[in-house]
Every structure is written in C-alpha cells, then in structure tokens.
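User: I'd like to learn how to read a few features of a protein model. Could you take me through them one at a time?

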Amino acid sequence: MVVSTQSKRFASLELDCGVTLAPVDVAYQTYGTLNADRSNAILIMHAFSGDAHAAGVDEQTQQKGWWDSMIGPGRGFDTDQYFVICSNVLGGCRGTTGPGSINPATGEIFAMTFPVITIGDMVRLQAKLIESLGIEKLLSVAGGSMGGMQVLEWAARYPDRVASAIPIATTPRHSAQQIAFNEVGRQAIMADPDWSDGNYYGGKLPGRGLAVARMVGHITYMSDESMRQKFGRRQREDQGIFEVESYLRYRGSQFVDRFDANSYLYITKAMDLFDLAAGQQSLTAVLERSKTKFLVISFTSDWLYPSYQSQEVVSALRRRNQDVAYIELTSKYGHDAFLVEVEEQSEIVKGFLVRVTKGVNRR
Amino acid sequence: MTAASNNDPFVRDLLGRGDYAIFSEIVAPQTCVLDLGCGDGELLRWLADNKDVDARGVEMDGAKVQKAIAKGVSCYQGDIEECLADYPDHAFDYVILSQTLQEIRQPLQVLNDMLRVGRRALVAFPNFGHWRVRLAHLFTGRAPKTTRFPHDWFDSPNIHFFTIDDFEILAAREEWYIEKRVFLDGNREVKMMPNLLAETAVYLVRRNR
C-alpha cells in the first residue's frame, strides 16, 4: 500500500484561548475506500510525536506508517472494509499548522507567538477535515495515548457524529506524574541555549535539549521488565557505555531530525491542560448525551497511563449504562504496548467494529 | 450420567449446556441482558444473534474477555462483586449469573445488586444437595467429589456449598418473588424431589410480586 500525504486549507479555526488562526492547514492521509452511504469512515488519531502517516509505505520517504501493523488490508482496521483517515494534529510539525508555520499576519514564523492550543482545538480541526471529506458520521474514532485523549474529546463533544470510540492506553486527564515528566522535557528544551526563546528557525536547532526531552519520554514509554530484557546491563564495547545509554542517545538524536522543539512545548502543554470533565460535575455528566459504543483498552505494564485512568472512563460510562467493552491486555512493553501488541488488539478491534457496523446498518 | 437421549422431549441443551437452554427460553427478544461471569461470551453472542438482545458481559479472566470482545460481545474485564455498584437501577431486563454463585464471596449482596440493576435475575447453580454429593460424603467421609463438584477441597473455586432448599429459604426470607424454577439432571428436567435429584437449579427471580 503506497500512500501519500494530502493537505487541506481551512479559512479559519477559533481556538479555546479566544484567538482565531486563519488560515489553517491540515496534513492527512487516507486508506481504503469510502462507501456509497459514507458510513465506513474511521478516524485514527496519533500520539504525541506521531503524524498523518499511520499506515502503508510513504511515497516519498519509503517508510512504513506508525501503526501500519494495525491498519491495512485484513488488519485490525481493515482497509478492505473501512475508509481510514489520519491527520497530523494542530500544533504539529508534520504538515499541519503549528509553531513552525508562517504567521500570515506578520510573514514570519510563529515560534512562541503561536497561541496556546488544546486537545479540543485539535479535535475541532479534525471535525472540519471530516466534514470537508463529506462524512457526517464516523463509524469509529480510535487512538492511543494522546490519540486516546482526542478520542474521548470526540465522544464528548460530538456524540452524534461518532458511532463508536476506541480510546487506548489513555486518560481523561493528566496526573501530576504525567505533567511532571512533560515539564522535565520542556525544561530540557528551554535550557538549551540554542532554543533562543523559540527563535531558532533557520539557525542551529536546540538539538541537545530536544534529545534529552525525548530520552526522558522513551524511559516512560517502556517498563522495568522490557528495559531489563532489551538492555540489561550490557555494554557497548566500542563506546564504553551501557546499551541503554546508547539506545536513548540514538533515539534522542533521531528525534531531533523529525520533530520541532516548539511543537514539543505546545503539544505537551495541550496534553497537560486536557481535562475531559473540566467545568462539569462528573465524567458521567460529560458523556450524558453520548450513545457512542466504547471499546477501552489498557495494558498491565503501562505505568505512564496506568489502567486506573482507563477504568475511570469505563466506570463513568457504566454509571449511565453506556455500551462499553473494556480489557486490560497483558503486556510487558509498558506504554509502548499500544504500538507493539498488534495481535490481541487486532482481534478485539475487528470483532468490535463488526458489531458496531451491524448496529449502524440496522438503523 | 443421565440416560437421556437426544430424542427425549425433556432434554434441553444449548451450546452443550442445560442451563443455557433454560435461559434462552426465558429471555424475551429485544431486551437488555447482563451476564455476570460471561466467559468467552458464547451465551451472549447466541442471545444477540437469535433474540436480538443488547448483550453485555462481565468477566475477570482477560483471555476470555479478549475472546468475548473478538466475538462482538460488549464485555467488561472486572470483578463481579465490584462492578455491579456502578450500574444504575433497572439498567437491564435480565441479569444472569450462571454457575458462579457458589464462588462469590458475598452471594447475598450480589443477588441483591442483581435485583437492583436488573428487573429480573436469572441464576443457575449446582445443587450441593444432590444424592450423588450426599453419597460421596457419606461413604468416603471426605469433602465430596462428583462430576458436578470435581475439585479437591484445596483447589476448588467453590467457597459456598448450598442446596436448592437453602436457596428457597433465602428467597423466602428476602421476600423475592420466584417467577420460575427449573431443575435439571444433566440436561433432563427433574420434576420431583429436586433437592435430592437435581444437579442444577435455574431460578428466575424478581424483587416484588
């Protein structure tokens, strides 16, 4: 499956902070075919550092998508049956408008003048994209981690426009621990002299800070067990360092090549600010109008997004007797499990989507 | 076991289970059903396919939950005793508890919760008063082991050993209304002396007359 990234421009987007971005570009990819009654569309939402290239082999880079094992012909999200869409989030650096974009008002790069964005803003932009593709109602919205936050936001804000939702390894709000890790990442970037208050475009990138931020991130994505098995105390004879050090340095430097440091600041802040129940009495109240069918998945060794956070969502849904399936899959891979544990997830996603499709066709 | 053949009009069997057959006869079409300890969801799947019910399940074992969801059953991985509190009153037409009552720490609490979240409770349990259990105990002088109670005492999931008469006495004390009771020996219906002759009891219970 060879794919290419497309782009759409929208005249404007009103943000939660009150600022209006105009215009706004969205980079997206699609897989499969939209059926005649436009009822088989699934929106996939990427995690913090992902992009629109979720599946297939990219025409230009020849690289596989970040969830290629889950999306494709015969896979969990079966592109022979469903029309799958994935877009880069607002604030991103992979084709969608973000702090690295040109501010049309000044003709200069936004950098730190980019307005504060929220998960809600990201979802409203996705809703524009979906509308522009002629889709009134999505068969499903799915995603892990920050993608799962967007799934929850979709279900809460557009209950009539999503038949089903699959939030994976996610939370209705960040805990102090999750905010703390994000803050370490942000401080690492801002402590890099090359960050220059965010005005590094065209000059030397704050690579050291961004790499350290990514290294911290990778630690939180793994588990004690997976790190022990993957690295143990083995050393790289050639470099005289532990393998885990070598791995983190490699991941850090690799990240600098594909991710914008300011996007890191804005997107992690959006995650920290996210609170599905904000301004409401309870999570149950937030989902009051929802008739969406849910499939909630968490993983045993995920200590960054522990199961109790998913279970909170599940409990809220059960309190209003909403249709919610929930499973805590056994995995040793920590938070990375949602990208790694393909077989189990495929099996349950397939069965869930078949049931949801039946329900949609009946009406 | 029973000498009943497939031609016996009293033989009931659904998916190899006598109690499932009784459930399937009782559950009305297009209702909402919660199955506590639903295993891999085979009963719920059958009810969804054949009775068009809104089928929900609760199961502790992750591997079984995975199979149930893969089958298209809305299954929640969790503990029966903890999960019931979340549901609103009368959320379901039927709440099913099949062959699990004897394994639950607080059976009365669970039964009362079932009657709160469901309009009716459908309960099936193995009868510890069956003659084979009595004989095994009488003749061996040890914790009885039968085909229906196959476990050694030290690795049995069963923590309560009660009979049909015990259940009837509890129902009377709690003033539950028993709408229907069916007794089975294997898959054959038992009409006389159920406390002695039935291996399995199936009750359809509701709170008030």
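User: Let's start with strand pairing. Which residue of β10(A) stands opposite A:Gln29?

Analyst: A:Gln29 faces A:Cys86 in β10(A). Please keep in mind throughout that this is a predicted model. The strands behind that pair are β5(A) and β10(A), residues 83-87 of chain A, which run antiparallel and are joined by four bridges.

User: What pairs with β5(A) over five bridges?

Analyst: That partner is β2 of chain A, residues 6-10, and the pairing is again in the antiparallel sense. One position to look at is A:Gln6, which stands opposite A:Tyr28 in β5(A). As a general idea for viewing such strands, side chains in a regular strand alternate between the two faces of the sheet.

User: How many of the eight residues of β5(A) are buried?

Analyst: Seven of them are, so β5(A) is largely enclosed by the rest of the structure.

User: Now backbone geometry, please. What should I expect before I look for exceptions?

Analyst: The general idea is that most residues other than glycine have a negative phi, and that most peptide bonds are trans. Here the bond from A:Ala22 to A:Pro23 is cis, with omega near -10 degrees. You will find A:Pro23 in the loop between β4 (20-21) and β5 (24-31) of chain A.

User: And phi? Where is A:Gln62 found, and is that residue buried or exposed?

Analyst: A:Gln62 is not a glycine, yet its phi is positive, about 65 degrees. The residue is in the loop between β7 (57-58) and β8 (71-72) of chain A. A:Gln62 counts as exposed because it has 8 C-beta neighbours inside 10 Å.

A second case is A:Asp197, with a positive phi of about 55 degrees although it is not a glycine. A:Asp197 lies in the loop between α3 (176-191) and α4 (207-221) of chain A. With 8 other C-beta atoms within 10 Å, A:Asp197 is exposed.

User: What is the crossing angle of α4(A) and α6(A)?

Analyst: Roughly 125 degrees, with the axes coming within 8 Å; α6 of chain A covers residues 243-258. That makes α4(A) oblique to α6(A). The crossing is right-handed. By class, the contact of α4(A) with α6(A) has seven nonpolar, four polar and two charged residues.

User: Finally, the two chains. How many residues does each give to the contact?

Analyst: Chain B gives 15 residues and chain A gives 23 residues. On the side of chain B that touches chain A, α3 (62-70) and β3 (74-77) each supply at least two residues. The largest share of that side, five residues, comes from α3(B). By class, the side of chain B that touches chain A has eight nonpolar, five polar and two charged residues.

User: What do the buried residues of α3(B) pack against?

Analyst: In chain A, they pack against β17 (293-299), β18 (324-329) and α11 (342-362); in chain B, against β2 (54-59) and β3. The buried residues of α3(B) include B:Val65, B:Lys67 and B:Ile69. After α3(B) comes B:Gly72, with a positive phi near 90 degrees.

Conventions:
Residues are numbered from 1 along each chain as its sequence is written. Chains are lettered from A and ligands numbered from 1 in the order in which they are written. This is a predicted model: local features need pLDDT of at least 70, side-chain atom pairs count only at pLDDT 80 or more; totals for chains, interfaces and linings use all residues. Two residues are in contact if their C-beta atoms, placed from the backbone, lie within 7 Å. Ala, Val, Leu, Ile, Met, Phe, Trp, Tyr, Cys and Pro count as nonpolar, Asp, Glu, Lys and Arg as charged, and the others, Gly among them, as polar. A residue is buried if 20 or more other C-beta atoms lie within 10 Å of its own, exposed if 12 or fewer, and partly exposed in between; C-beta atoms are placed from the backbone. Two strands pair if DSSP finds at least two bridges between them. Axes are lines fitted to C-alpha atoms, for helices over the stretch in contact, and angles run from 0 to 180 degrees between N-to-C directions. Angles under 35 degrees count as roughly parallel, over 145 as roughly antiparallel, 65 to 115 as roughly perpendicular and the rest as oblique. A crossing is left-handed if the near helix is turned anticlockwise from the far one by less than a right angle, and right-handed if clockwise.
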